[in-house]
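Please consider the following note alongside the sequence and the coordinates.

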Amino acid sequence: MMDTMDEGESAELNAARILDLFHRSMVHYGLWFAEVRHQLGPEVGHEVLEAVSGRVLEAHIRRLAGVLGFSLKNGLPAPLVDLPKEKQKALQEAVSLNWLALDGLWFQGVEFTHGMNDAKRCNDSCWAHFSPFEAAMIRKELQLGKQSGLEGLKKALGRRLYAFINEQSMEDTGLDRFVFRMHKCRVQDARKRKGLADYPCKSAGMVEYPYFAKEIDSRIRTRCIGCPPDAHPEEWWCAWEFILDEG
């Protein structure tokens, strides 16, 4: 195997390269999923993703454990498993906040060079891919069936990245429906503190929530009760009703 490291390189340069290699791998993983989804359709894309994701994670962890010298517990890094619960909770929040930050940085990267309209267009299209992907991964984690109904959707909404950093609630409004409300939103709360107007996120939400719900159960219909730029009460930023159509 070719030696790709120069003995004269600094430890900092090598460390930075390791992080860049992780980054390249992440992008390649995402591009593979995007292409399978594009070439073979969303359903096949999610099926292949579910089949591949566990094997990819297992291979990565096994090799890292061999190099870094940490042990495994049921295929998971022992140092991560052995963290105190409060540290695990804090780490889940930190990872979720990093996800929100990268989402915002991509948005700004387009907005500052091509304008708000193109940024919103890219953002909304991104949600059309990410929302059902996240739903599929959560369905796998919770071992939900393909048609797990409103109860399955409630459980899945509680495992979204947003659920670890925002405050949300769910209220049954009938035997065949419930309302989801976002009471605290990191993005909107930050804008409010800066004296800025609400970010008009309804166009993204009209993609994000229906696509997520349909991936959990294709019978579920989504209705927007209110989402910026709509007027809304002080106690919530957006609200969505999910209805199960069994007929």
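1. Helices (H or I, at least four residues) and strands (E, at least two) are DSSP runs, numbered from the N terminus. Helix H2 is followed by glycine 69, whose phi is positive, near 80°. The model is a predicted one, in which local features need pLDDT of at least 70 and side-chain atom pairs count only at pLDDT 80 or more, while totals for chains, interfaces and linings use all residues. Residues are numbered from 1 along each chain as its sequence is written, and side-chain values use heavy atoms, with hydrogens and water left out.

2. H2 itself has 27 residues and spans 37 Å from its first C-alpha to its last, close to the 39 Å expected at 1.5 Å a residue; the expected span is 1.5 Å times one less than the number of residues. A kink of about 30° is centred on valine 52. The bend at a residue is the angle between axes fitted to the seven residues ending there and the seven starting there.

3. Burial in H2 involves Gly45, His46, Leu49, Ser53, Ala59, Ile61 and Ala65. Here buried means under 20% relative accessible area, exposed over 50%, and partly exposed in between (1.4 Å probe, protein chains only). The buried residues of H2 pack against helix H1 (11-40), strands E1 (72-73) and E2 (76-77), H5 and helix H8 (202-216); contact means heavy atoms within 4.5 Å.

4. The whole structure contains 21 salt bridges, each defined as a side-chain nitrogen of Lys or Arg within 4 Å of a carboxyl oxygen of Asp or Glu. One of them joins arginine 139 to glutamate 50, with the closest N and O atoms 2.9 Å apart. This pair links distant parts of the chain, since arginine 139 is in helix H5 (residues 116-142) and glutamate 50 in helix H2 (residues 42-68), 89 residues apart. Arginine 139 is buried at 4% relative accessibility, whereas glutamate 50 is partly exposed at 25%.

5. A local pair is found in helix H6 (residues 149-157), where lysine 154 and glutamate 151 lie 3 residues apart, about one turn of the helix. Their closest N and O atoms are 3.1 Å apart in a salt bridge. Lysine 154 counts as buried at 16% relative accessibility, and glutamate 151 as partly exposed at 48%.

6. Aspartate 245 and arginine 221 form a further salt bridge, with 2.8 Å between the closest N and O atoms. Aspartate 245 lies in the segment after strand E6 (238-244) and arginine 221 in strand E5 (residues 220-226), so the pair ties together parts that are 24 residues apart in sequence. Aspartate 245 is partly exposed at 35% relative accessibility, as is arginine 221 at 39%. Separately, a network of salt bridges links Asp176, Arg177, Arg223 and Glu241.

7. Which members of the largest nonpolar core touch the most other members? Of its 22 residues, they are Leu153, Phe180, Phe212, Trp240 and Phe242. H5, H6, strand E4 (177-184), H8, E5 and E6 each supply at least two residues of this core. A nonpolar core is a set of buried Ala, Val, Leu, Ile, Met, Phe, Trp, Tyr and Cys residues joined through side-chain atoms within 4.5 Å. A second, separate core of 10 residues includes Ala128, Tyr162, Ile165 and Ala204.

8. Not counting residues up to four places away in sequence, the contacts of tryptophan 240 include Phe178, Phe180, Met206, Tyr209, Arg223 and Ile225.
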